[in-house]
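Trainee: I am new to this structure. Could you walk me through how its chains meet?

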Amino acid sequence: MVIKRKVAVVGAGMTLFRRRMLETGKELCFEAASMALESAGISMRDVDAVVLGSAPDAFDGVHMKGEYLLDGAGGVGKPYTRVFVGGGTGVFAPIAGWWHVASGLFDTCLVVCEEKMSSLHPHPQYAFWGIFDHTLERPLGVNLLWIFALEMRRYMHVYGISEEEIAHVAVKNKRNALDHPCAQLAAKITVEDVMRSEPIVWPIKRLDSSPPSDGAAAVVLASEDTARRICKEPVWIDGVGWSIDSAYWTDRELAYPAYLAEAARMAYRMAGIEEPRREIDVAEVYDPFSYKELHHLEGLGLADKGKAAEMTVAGVTARDGDMPVNPSGGLLGVGNPIAAAGMMKVCEVFWQLSGNAGKRQVKKDVRTGLAQAWGDLMQFSSVIIMRS
Amino acid sequence: MKEGVVKKGQDIGVGRGIEPNPVGSKYAGIEVKESDLRDGRYMSIRYSAMFRYRWDTGIAVGRFLEGLRDGRIVGSRCNVCKRILVPPRVFCELDFAQIDDWVYVYDTGRVNTYSISYIDKQARRMSSPVIVAVVELDGASQGMGIMHLLGEVRPEDVYVGMRVKAVWRSREERKGAITDIVYFKPL
Ligand SMILES: [Zn+2]
């Protein structure tokens with residue numbers, strides 16, 4: 001493998017995340033992109049290429065969302081493309097941006113991720129119906145949470161983990177989000193609150209799940225030469241990885257995300273990371289449901305199989321712990337505008353590694369961070385390793 | 001427009017013992033509440049779409065559906081990895097080999113995992129919950145299953161590893177659909 005150039009994140013921006021926002025998708029894109037450009041200290045004229053990430057078209061009732069969002073995302077007159085891998089999009093779009101620059105094709109690339117889930121009325125859940133097999137699954141009345149609840153129950157069964165242990169993730173992340181100015185569901189709650197919140201699809205309860213949201217987030221990527229010229233504190237993308245498992249999800253072992261382990265191996269190898277637990281200082285892992293943070297920590301090799309819950313209960317993953325996980329507040333606390341939520345994690349790692357995370361800045365000295373997202377039919381993961 | 005200024009962080013309550021979000025930020029975005037739409041504070045446009053489809057069932061799933069109509073569950077066998085696959089396919093996704101070897105598997109099996117759904121596909125609360133499961137079918141390779149519903153059992157009595165059997169619609173009612181099996185019940 002030959003990577004022609006090092007690539008850095010030189011700016012980041014995001015909008016508020018809310019259940020419903022007045023702005024259209026284009027406007028949200030414009031706001032997040034403008035903030036990212038401003039923080040990079042460059043203008044749209046300096047951007048060589050644009051990558052757009054957005055999840056299912058059905059939320060908006062607009063086909064070809066890449067084209068729909070183009071003008072707000074700054075793609076006019078430039079090499080522009082939309083990438084889409086379901087929930088994994090928010091970390092995959094910056095990976096696509098990375099190869100635009102790493103390949104030597106472009107010096108700068110703006111990556112914008114947007115989601116406006118509120119348009120589908122009364123609830124965006126219905127859009128997910130369309131991701132299931134039309135012949136074998138939809139006639140059963142399936143909804144998206146069924147499969148996550150099935151995965152959570154399997155995970156609990158295989159490793160003997162309790163709902164209470166898993167609830168600690170929601171408590172931690174919603175509390176971390178109190179320090180995030182964009183957060184939609186920041187709260188000080190207890191494990192008991194989670195346990196007493198109504199089951200939606202058991203074992204998933206209301207406080208175990210992230211909300212549907214509107215929002216956008218963006219980063220500016222630059223080649224090494226450009227980054228050193230324009231940025232005091234570039235944060236390097238040193239490893240990227242992605243992998244997908246079979247769509248025959250009822251034929252897979254759901255307790256362990258093997259596809260994520262594969263994606264992580266690819267990213268670690270590229271970044272020269274041999275002992276992820278010792279070398280990763282801070283991690284933003286995908287947490288649309290509380291059990292997913294644990295599942296993902298194990299897939300990433302940041303916890304032993306079945307041991308991430310124990311680690312969480314012991315406070316290891318707290319913002320001031322040995323391995324801070326989701327200091328942003330995650331999807332559970334900040335919100336889950338799908339593609340924008342994954343990008344929010346990349347923004348957070350950038351802010352953490354450049355020492356600009358404000359009240360969210362983790363206690364320990366951080367040099368190496370990881371962002372991860374998960375998507376399609378519980379089968380895809382994208383991983384980025386960043387270093388200051 | 002007055003509303004055009006950045007609105008401050010919102011206090012969205014969750015459960016008990018809630019503290020408001022910290023306020024004040026440079027981040028853009030104007031929150032719209034349900035009441036804002038009801039009151040007409042902001043405009044919105046309504047639209048309903050109606051698409052009609054007629055999906056081909058294909059070769060493998062077509063055979064699977066024919067099997068269901070006859071009250072049997074069809075799988076296919078890969079001659080490279082020897083796995084017996086359910087739902088059946090005409091290719092093995094692991095070996096990327098063609099498959100033309102059809103087998104019946106049993107309509108009994110074991111619960112691999114299950115969940116209890118209190119909401120319907122539009123996220124509306126249902127009057128009575130449904131139990132959903134992945135059932136590993138006897139005769140298929142280890143770990144091969146299908147998603148279906150469980151019936152004739154209380155949610156609290158279901159467990160991973162529970163033996164179950166398909167409950168079929170009557171011969172006259174079956175039409176070659178996954179719903180030809182009404183649900184799986186404890187064996
Ligand atoms: Zn095979």
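Mentor: Happy to; we will go through the interface by question and answer. This is a predicted model, where local features need pLDDT of at least 70, side-chain atom pairs count only at pLDDT 80 or more, and totals for chains, interfaces and linings use all residues. Residues are numbered from 1 along each chain as its sequence is written, chains are lettered from A and ligands numbered from 1 in the order in which they are written, and side-chain values use heavy atoms, with hydrogens and water left out.

Trainee: What area is buried between chain A and chain B?

Mentor: Contact means heavy atoms within 4.5 Å, and 62 residues of chain A contact 64 residues of chain B. Buried area is the accessible area (1.4 Å probe) that two parts lose on being put together, summed over both. Carbon and sulfur atoms give 64% of this area, which is about 5600 Å².

Trainee: Which residue forms a salt bridge with B:Glu31?

Mentor: A salt bridge is a side-chain nitrogen of Lys or Arg within 4 Å of a carboxyl oxygen of Asp or Glu. Chains A and B have 2 salt bridges between them. In the one with B:Glu31, the closest N and O atoms are 3.7 Å apart, and the partner is A:Arg18.
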